[in-house]
Amino acid sequence: MATADDLSPTRPPGLLRRLAALLYDLILLFGMLLLAATLVIIPASALTSSEIRLEGWPRLLFQLYLLLVGYGFFAYFWRHGGQTLGMRAWRFGLVRADGQPLTGSDVRRRLLWSTLIPAPLGIFWVPFDREGLAPHDRLSATRPRLLPPKAR
């Protein structure tokens, strides 16, 4: 049973809550990437009479496009409200280390560190950190914080 102390807005979410939100977000992101790929592949296949082969520069550009779609997904939600849909469902959000909302540079820094130290791997450090933070939380000077339950 969670106590009031466990749901303090200054306390970061635990490992299971973070993993649940990440799984939720990855399912949504998969759908977005599928749609983004479809928006390129269908028109490209209509223009050619042969099979589409992504090799060399076209493949690299397509991969970069999908990476930017993924970054855009997280950047949009973190910049506008500090929460992805998964974070909203699991009642936590992101703030700067000083407690203020994230700025564009905070979001870019968090995306960079979440890429260099892959976020799914960094999350497993949370139980061992004295403040319950992942490496990308510390390095980007952002903090995940639990949110109080909404009154009904």
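User: At what angle do the axes of helix 2 and helix 4 cross?

Analyst: This is a predicted model, where local features need pLDDT of at least 70, side-chain atom pairs count only at pLDDT 80 or more, and totals for chains, interfaces and linings use all residues. Residues are numbered from 1 along each chain as its sequence is written, and side-chain values use heavy atoms, without hydrogens or water. Helices are DSSP runs (H or I, at least four residues; strands are E, at least two), numbered from the N terminus, and axes are lines fitted to C-alpha atoms, for helices over the stretch in contact, with angles from 0 to 180 degrees between N-to-C directions. The two axes come within 10 Å and cross at roughly 140°.

User: Which word describes helix 2 relative to helix 4 at that angle?

Analyst: Under 35 degrees counts as roughly parallel, over 145 as roughly antiparallel, 65 to 115 as roughly perpendicular and the rest as oblique. The crossing is roughly 140°, so helix 2 is, relative to helix 4, oblique.

User: Which residues of helix 4 does helix 2 meet?

Analyst: Contact means heavy atoms within 4.5 Å. From helix 2 come Tyr71, Phe74, Ala75, Trp78 and Arg79. Their partners in helix 4 are Gly104, Val107, Arg110, Leu111 and Thr115.

User: Is Asp137 buried or exposed?

Analyst: Asp137 is found in helix 6 (residues 135–140). Buried means under 20% relative accessible area, exposed over 50%, and partly exposed in between (1.4 Å probe, protein chains only). Asp137 has a relative accessible area of 0%, so Asp137 is buried.
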